[in-house]
Amino acid sequence: MNGMRLEIQEDFDKIQCTNQIKEETKQFIDDQMHHKKRWGLKLALSFAVTLLVCGFSYWFYFIPVVAITLDGETSIELQINRLDRVIDVTTYDKLGKEWCKQENPWHQYYEDILQGLNDNEEWMITVYSKDEAVCQKIYEQTKNCTQENKQIHCRIGRHTRQSNDTTQTQNHHKKGHHK
């Protein structure tokens, strides 16, 4: 690289023009070289920021913070994200799968789904979360949005997804008991 610079300098000295034009030309070349370096840095920085935004967005939208189980004639578990949207659904029987096809709950607000539950059917809604404050908030919202329906009963499950309460509920579902 230094050899090339020396050649350029020697060739540059052979050019016959005023010193002012030579200085302006040198300045222009230096500016262009630094501009290319800055462009690469800007590109790398933009790429890093894009990765950060994508990673944060994934964490924010696709990582569940609450699980809500709906137990009635069927058993369904809704995974809820930080924006109160359903991001995953687990069903335990054929009726649950049919319900999912009919309601298409993915990416809907969980409150809209709860308000749309069948009034003629008795439901037990259980709210689970590792974060007690979030669990309490979602539980209160669940109670508020279902208070008109006397067939719906709400409760808070234990605060860890690996709890005995959850395991008992899953075993209950596997045995075919839904009420």
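The legends below accompany several close-up views of a predicted model.

**Figure 1**
Let us start with an overview before zooming in. The protein chain of this predicted model holds 6 helices and 5 strands. Read from the N terminus, these elements follow the order α-α-β-β-β-α-α-β-α-β-α. The chain has 179 residues, and 31% of them count as buried. Among contacts between residues at least 6 apart in sequence, 52% join residues at least 24 apart.

**Figure 2. Confidence along the chain.**
The average pLDDT of the protein chain is 83, and 82% of the residues score at least 70. Over residues 160-164, however, the pLDDT is below 50, and this stretch has 11 contacts in the model beyond near neighbours in sequence. Where pLDDT is low, predicted coordinates should not be read in detail.

**Figure 3. The largest nonpolar core and its contributors.**
In soluble globular proteins, nonpolar side chains tend to be buried together. Here, the largest nonpolar core has 23 residues, and Ile68, Leu70, Leu78 and Ile125 touch the most other members. Two or more residues each come from strand 1 (66-71), strand 2, strand 3 (86-91), helix 3 (94-103), helix 4 (110-115), strand 4 (123-128), helix 5 (132-146) and strand 5 (152-156). Helix 5 gives the largest share of this core, with 4 residues.

**Figure 4. The surroundings of Ile68.**
Which residues does Ile68 touch, not counting those up to four places away in sequence? The partners of Ile68 are Ile76, Glu77, Leu78, Ile80, Tyr110, Ile125, Thr126, Val127, Ile138 and Thr142. Two of these partners, Glu77 and Thr126, return in views of their own.

**Figure 5. The hairpin of strand 2 and strand 3.**
Strand 2 and strand 3 are antiparallel partners, paired over 5 bridges. Together they form a hairpin with 5 residues between the two strands. In the turn, look for Asp84, which has a positive phi of about 65°.

**Figure 6. Glu77, a buried acidic residue in strand 2.**
Glu77 belongs to strand 2, which spans residues 75-80. Is Glu77 buried or exposed? Glu77 counts as buried because its relative accessible area is 7%, under the 20% cut-off. The side chain of Glu77 has a polar contact of 2.9 Å with the side chain of Gln79. Glu77 and Ala67 are 10 residues apart in sequence, and their C-alpha atoms are 6.6 Å apart in space.

**Figure 7. Strand 4 and the two strands beside it.**
Strand 4 is mostly covered, with 5 of its 6 residues buried. Strand 1 and strand 4 run antiparallel and are joined by 5 bridges. In this pairing, Leu70 stands opposite Ile125 of strand 4. Strand 4 and strand 5 run parallel, and 5 bridges join them too. Here Met124 stands opposite His153 in strand 5.

**Figure 8. Thr126 within strand 4.**
Thr126 lies in strand 4. Why does Thr126 count as buried? Its relative accessibility is 0%, and the cut-off for buried is under 20%. The side chain of Thr126 makes a polar contact of 2.9 Å with the side chain of Arg155. Leaving aside residues up to four places away in sequence, Thr126 touches Ala67, Ile68, Thr69, Arg155, Ile156 and Gly157.

**Figure 9. Cysteines and the search for disulfides.**
A disulfide is a covalent bond between the sulfur atoms of two cysteines. How many disulfides does a search of the whole structure find? The search finds 0. Cys145 is in no disulfide, and the nearest cysteine sulfur, that of Cys154, is 7.4 Å away; the cut-off for a disulfide is 2.5 Å. Cys145 counts as buried because its relative accessible area is 14%. Cys100 is also buried, at 8% relative accessibility.

Key. Residues are numbered from 1 along each chain as its sequence is written. This is a predicted model: local features need pLDDT of at least 70, side-chain atom pairs count only at pLDDT 80 or more; totals for chains, interfaces and linings use all residues. Side-chain values use heavy atoms; hydrogens and water are left out. Buried means under 20% relative accessible area, exposed over 50%, partly exposed in between (1.4 Å probe, protein chains only). A polar contact is a pair of N or O atoms within 3.5 Å; within protein, one must be able to donate a hydrogen and the other to accept it, and residues adjacent in sequence count only if both atoms are side-chain atoms. pLDDT is the predictor's confidence in each residue, from 0 to 100. Contact means heavy atoms within 4.5 Å. A nonpolar core is a set of buried Ala, Val, Leu, Ile, Met, Phe, Trp, Tyr and Cys residues joined through side-chain atoms within 4.5 Å. Two strands pair if DSSP finds at least two bridges between them.
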